[in-house]
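User: Please take me through this structure. I want each label set against its definition.

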Amino acid sequence: MNSPFTNIHIHVFTSECAPPNFLRVRTFKGLKWFAKPIKKWLEKPKVRKRIWRWDKRLKYLSRNRRTRLNKAVSFLSVGSKSNQLEVFRVSLKVAKSYNGYPRVVAHTLDMDFMDTNSLPIIPYATQLHEVLEIKKYYPDNFFPFISVDPRSRSGQNLVNWIDYYFTHGVKSNLSDEIISFGAGIKLYPAHGFFPFDPGLDELYAYAEKNKIPLMFHCTRVGSQYIGRAIEQLIPEKPEMLMPTEQSPDFQKAQKAQGEIYSRIYRYYQKKKWIKNNKHGVNDFACDLFSHPQNYIPLMCKYPDLKICLAHMGGDEEIKFMNATNLQDTKAPKTLKKIWDVDGHNWAVLIKNLMKDYKNLYADISSTISELDEKQVLQNIRLWLNETDNINQNTLGDRILFGTDFFMTEMQHDEYELYQFMQSKLGNWFNKMAQSNANNYFN
Amino acid sequence: MRTIEILIALALVYAILSILVSVLVEWRSGRKKLRGTMLRQVIYQMLDDPLNQNYGYLLTKHPLIDSMKNKEDNRPFQYLESGLFADALIDIICDHSDTGIPVVATANTGVNDTSVQVPDVVKLFENGLLNMKPSPFQKSLQGMFAKSDHKYENLKKSIEVWYNSGMDRATGWYKRKLGKISLIWGFVVAITLNADSIHMFKVISMDSNLRNNLNIMAEGVASNYILLDSVQKFDMEQQLNLIVSQQVAKLNVTDSSRFEIQVGKAISQNLNQYDSVNQLRISQINQIMDVTAQLGLPIGWNKNEAPLSWDKQDIARWFMRGKEEKILRKTKNRYDEYLQQRNENPNFGSLFLWLLGIVITGVMLSYGSPFWFQILVKLVNIRKSGLKPKTVKNE
């Protein structure tokens, strides 16, 4: 029997689940005081259509800002729907046209700690409650990942809380099987915590023991912590969960720890890169939370933990991943500056980590929307065909298919993304969506 | 008696213009979804429970309620019946009792057995309450549940009573909010129509023909109002119909050309391009404009009347008081003299009185048409107990 067709990465939360400044309009000069009315204004379809048209002329905006604006408008196009069920139905409709019984994985997001100035209208508890209702309606299609944030719950308390979602569920419509409410665990470090936070230690142990897959957001773009206390969240030497000294991978973890600490130090040396500010401008600092190197200590400690780093590092990083010298590329100046201080191209780093850690996966979501760019497509093909250092298996066996619905809706709608995959990556599409996804879940 | 007649005429003018304000307020609040938005805010506030869930959100998204929404333009529901509110809220709390099926269980190990049982809603509600974290909202619900004597009807009834009292307060908030909006629109109408209360008062007091016409119409409006108000609740549209039905055309109108309304005609020519609600509102505005035009009310912008009739020399003369007097035409009577003084020989006082007149109109119109209709009825009753008005003659 074939493995079910799986879209590993979509979102169904609505704009009410996010704090008012989720779109970070405050970072656009002159608009910073009007986050709420602008959000309300952008929720009007007519306004969004106009922005869509203007976007082609917005050459003077930096690529980063344009991407953010695109995401903002995309987010509101679908995110302003009445409820999460309606959002899910849009994505399911597309997936069903490719497969009769698709498995769509929706990532919940705990955004209660994202901003220090305001809370979302719908707190995470209500978002989750609504998601469980969708699971009851679509037990065989809807597979939510439960979002966690160590600032909300940590340690054994977190495990006790999350255990309910994996030990209780609903009856499948296709068989007598009881399918658990949760399909996996979602962590979004860019919202203001490190994935190696010791408060997550028990959770990782629980997930490894029960074979629950984990998904981490891992690009420099996307939503991020927009509060005003970034310095408090990034100590110079943050506490880190580490494997025992007897562990064979202890050396690796220690080396990673040293590099992580020195990167934080370098970021602090840069003026305003880590600086408390009123407007939630933490673009540089939030990279420290999501950095691929942060996963080394936990992969060393929990080698059987299934981890997926979403977005393959991001299209910008993929585009220049095979350059001999990053500073000689045509990459934007800011990105070159970041690479200089960071010391890594994330796509290269993730690819290399995949070679060394057999349970590390990546998904192509979000990056799909840039498959029409020749360099991105070429580098992804190369990545898929490379082999790991463990069993000489191709890395393409651990790349998953996802669309990041509805974050890329402005560039390409969901149908187009599926078509892109089919036309640009051919046979890889089915492999990613079926057997790779099956391996990730089992 | 003349004073009463002037007051009746003024009350009628305010009643007509405040219908216009009501039309505009309704139009604006409809476009801004004010009623629905406020209802949602109140529900969110009533069901606020940060320790558990956002029950306000869950209630508005409950299929029973969400299905009533206009999904095309995302317009929230404008009204929520208390019974529906109670049913939806009980459902939501009952949901807390559904904790899912243990994954280790299979469909053959007891899961099917429970699915065939008819669930006892009250029991589910009780379990739902127990599964909630302790919070002020949970405490309120527990209080209602404790008094229900484990009967669904009693529980629903007490939630309904609570909801209705919440809505009574919300109605007060809504009215206060509308009052503020009416004040703004009152000023907009007063300025747009150049409706200067002091000028209207003076013209009505001096122009007995106009006063008489207004009084005849007021009498008809008042008698019908009493008749209709006793049968049903009298809303803005009925008030408008009442005014229009008074057959203004049959009255002896002195100078309907005084107020030329081109805007209404222009709008009605392009009426087809608006949706049905907008068309209704525009036609209502047109009707009011027609009535005011036919009555020959002393309102509107005209370059022969203040303040448009004031030229630069008039304004310059304010600063050279006593140095140069303007030579005025000789007039036949007090009315013409007043008009000449106001329109052709203004001073600081004229400007002040004009501004004051506009402010008074704005404030008066904000009281709303029901208020002015009631005042009108009372004044007409007072007059009826006295002498009948004399026939027309310019004083």
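Analyst: Strand β2 (residues 103–107) of chain A is mostly covered, with five of its five residues buried. This is a predicted model: local features need pLDDT of at least 70, side-chain atom pairs count only at pLDDT 80 or more, and totals for chains, interfaces and linings use all residues. Residues are numbered from 1 along each chain as its sequence is written, and side-chain values use heavy atoms, without hydrogens and water.

User: What makes β2(A) mostly covered?

Analyst: Buried means under 20% relative accessible area (exposed is over 50%, partly exposed in between; 1.4 Å probe, protein chains only). Five of the five residues in β2(A) are buried, so the strand is called mostly covered.

User: Which way do the residues of β2(A) point?

Analyst: A:R103, A:V105 and A:H107 point one way. A:V104 and A:A106 point the other way. In a regular strand the side chains alternate between the two faces of the sheet.

User: Why are β1(A) and β2(A) said to pair?

Analyst: Two strands pair if DSSP finds at least two bridges between them. Strand β1 (residues 6–10) of chain A and β2(A) have three, in the parallel sense, so they pair. The bridge partner of A:T6 in β2(A) is A:R103.

User: How do β2(A) and β3(A) pair?

Analyst: β2(A) and strand β3 (residues 142–148) of chain A pair in the parallel sense over four bridges. A:V104 stands opposite A:F142 in β3(A). The chain crosses from β2(A) through helix α5 (residues 124–137) of chain A to β3(A), a right-handed β-α-β crossover (clockwise from the first strand over the helix to the second, with the strands pointing away from the viewer).

Key:
Chains are lettered from A and ligands numbered from 1 in the order in which they are written. Helices (H or I, at least four residues) and strands (E, at least two) are DSSP runs, numbered from the N terminus.
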